[in-house]
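Okay, thanks everyone, I'll keep this short. Let me put the structure up and then we can walk through it together.

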Amino acid sequence: MSTAAAVAARAPQSRGVRASLSRNRRWALITSYVFLVIFAIFFLIPPYYMVVTALKSDAEVAHMATNPWIVADGFTLDQFKILLTQTDFLIFFKNTIIVTVSVVAITMVVSVLAAFSLGRMKFWGSSILATGIFLTYLVPDTLLFIPLFQIVKAVGLLNSYWGMILVYPTLTVPFCTWIMIGYFQSIPKELDEAALIDGAGHMQMLTKIFIPVALPGIIAAMIFAFTVSWAAFVYPMAFLYSADQQVLTVGTVTSLIRGDVYKWGMLMAGALVAAAPPLVIYAFLMDYYIAGLTAGATKG
Amino acid sequence: MAEVSLRNVVKRFDDVDVVRNISLDIPDNEFVVLVGPSGCGKSTTLRMIAGLEEITAGDIYIGGEVVNDLPPKDRDIAMVFQNYALYPHMSVFENMSFGLKLRKFPKEEIRKRVDHAARILDITELLDRKPKALSGGQRQRVAMGRAIVRNPKVFLFDEPLSNLDAKLRVQMRTEIKRVHQMVKTTTVYVTHDQVEAMTLADRVVVMNGGVIEQIATPQDLYHHPKTRFVAGFIGSPAMNFLRCRLEQNGSGLRVRLSDAISLPVPASQSARFQALAGKELIFGLRPEHITEPRRNDRDKQCEFAATLDVVEPMGMETMVYFTVDGQEVCGRVDPDSATGPGEAMGLYADMDRMHLIDPQSGAVL
């Protein structure tokens, strides 16, 4: 067979392969989009419902005959106004910020130092200790709150948000330490050796080399600690009972549900305002968060 | 500027002796290369000099002072790592100045030293870049720059060229040699590449199995290996080793390699080997000493014929492979004289270059 004939014979076949490849790709895309749309709808319904309800007047919310999915009687910001002016919502908000910022700070200091020593400075029992730290994370707070009640009471921090600053790190430190151990271990050993030879001590090695290099991991851990302490429910429910000490999660629910009267509009408005700070933080730091989690997962 | 000495140094990991009782003296400004196969203890030795590994026994001196218990930063050494170990979040300038900053050098002095090192290494334009924006060769230069600015007593290199491609490796090899000639400093360099060892070193230390096989200048090592290991490790392609029998032939000696091939021991060496007559030994001869026949009657006795198995043209020379008594032999011949595979070829063995090795001890006799 001549070369020309061979090329001619092969041409239709390769075109067929290419056509079926692009058809495969199109089907893959269509399937992905169908599922993405389904999931997007699935996840967006609750927030949508919250927004719609928060923008209604109490009368419309209470009126059973109206369509719950749309605002029929006109938008109003009354729910937000009342929430912010006539309830303790702003106190809850302030308390939550104090608690969360303190918890994130404490968590980062403890877990970065712990992870550095456990992940980098091999000493007797360090690997057992590292596993042990992770195991404590597996004990749920719904079990821990009973013994912790005794401890919080003993140190005199019952019904004080300072007690939350003491107990939340029991949830955040183990997981953050674990993420950071994985991240620190993924940093090549030669880097600390180079720093050692350059004249760095362990503290300088940590602050000048490890923390900057592991910044994505540290930010991932920070976001985790932030989310946990912002959204914690069981501990404040168990340990806090007066409004001036209460945090957002429990405070919103307890102050806006009186007996069997649910102030739905204000509950939804409160939930939206409470969800805003995490949303903003996620939006800014999401890339770091993902980079940090995957690095810890594959190399740790 | 300092001499480095190792005295009976031992390193044991758990129950494994990685370095067994080695002693080594490196005079001021000398460039010493530790070479050997992987796992021979060369990197561990370097890391013990650096202070990154504790020594199990023995003493290490830098500049006449015992440094066994000194941390790396107090040993006044600088090290270049295989994977460069540049700080990824710092610019080239910051990378190079980090050690000086930690040692609280004044700003102008740091600037001066970094500029000087950057000029030596031709990386002045790169000072503001981050390591990830550099090529492999540039990173290696920065790593060297980081060592040079410190102006340390000793430079340590741990396989610095292994991550570079072949062409760049040759280029950087020359660069390292040039830098050493400019910045005269005692240097210990670890590599598994014998070509690097030969080209760079003032003296080469060949290690194997945690012990030093031989310490010698590159030329000496090539021509006078002390053990079979060194003879086989240095030189590429490796030296041919063949079972042989040393036979008395009148007043002279002959090396019998097979029923057909028997080569005369040069008269100049006969006396040395006389006592070994009749013994089974190993005959060593480098490929470059098995060539096409010389036009010289005196050498006729050293000629033999072989049927070639494989012929590899390299351009300036051709490698020929054949077997003698079931053992593969490599020769290096002129391209014009090489015949094809499966054909017979007359060859010449340069017996002045032969080595005889004791099969039990592996010592070159």
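I'll start with a helix pair in one chain and then move on to the interface between the chains. Keep in mind that this is a predicted model.

So, the helices. Two packed helices are described by the angle between their axes and the distance between those axes. Here the pair is α8, residues 169-185 of chain A, and α11, residues 215-231 of chain A; they pack at about 165°, with the axes 9 Å apart. Anything over 145 degrees counts as roughly antiparallel, and so that is what α8(A) is relative to α11(A). As for handedness, α8(A) and α11(A) cross in a right-handed way.

Who's touching whom? On the α8(A) side you've got L171(A), T172(A), F175(A), C176(A), I179(A), M180(A) and Y183(A). Facing them from α11(A) are P216(A), G217(A), I218(A), A221(A), F224(A), A225(A) and V228(A). Sort the α8(A)–α11(A) contact by class and you get 12 nonpolar residues, two polar and no charged ones.

Okay, on to the chains. At this interface, 22 residues of chain B are in contact with 16 residues of chain A. How much area is buried between chain B and chain A? About 1600 Å², with carbon and sulfur atoms giving 68% of it. Have a look at Y87(B), H89(B) and L102(B): they supply 30% of what chain B buries against chain A, more than any other three residues.

The rule finds two salt bridges across the interface of chain B and chain A. One of them pairs R150(B) with D198(A), where the closest N and O atoms are 3.5 Å apart.

Note on methods
Residues numbered from 1 in each chain as written. Chains lettered and ligands numbered in written order. Predicted model: local features only at pLDDT ≥ 70, side-chain atom pairs only at ≥ 80, totals over all residues. Heavy atoms only, no water. Axes fitted to C-alpha atoms, helices over the stretch in contact; angles between N-to-C directions. Helix = DSSP H or I, 4+ residues; strand = E, 2+ residues; numbered from the N terminus. Parallel < 35°, antiparallel > 145°, perpendicular 65-115°, else oblique. Left-handed = near helix turned anticlockwise from the far one by under 90°. Contact = heavy atoms within 4.5 Å. Nonpolar A, V, L, I, M, F, W, Y, C, P; charged D, E, K, R; others polar. Buried area = accessible area lost by both parts, 1.4 Å probe. Salt bridge = Lys/Arg side-chain N within 4 Å of Asp/Glu carboxyl O.
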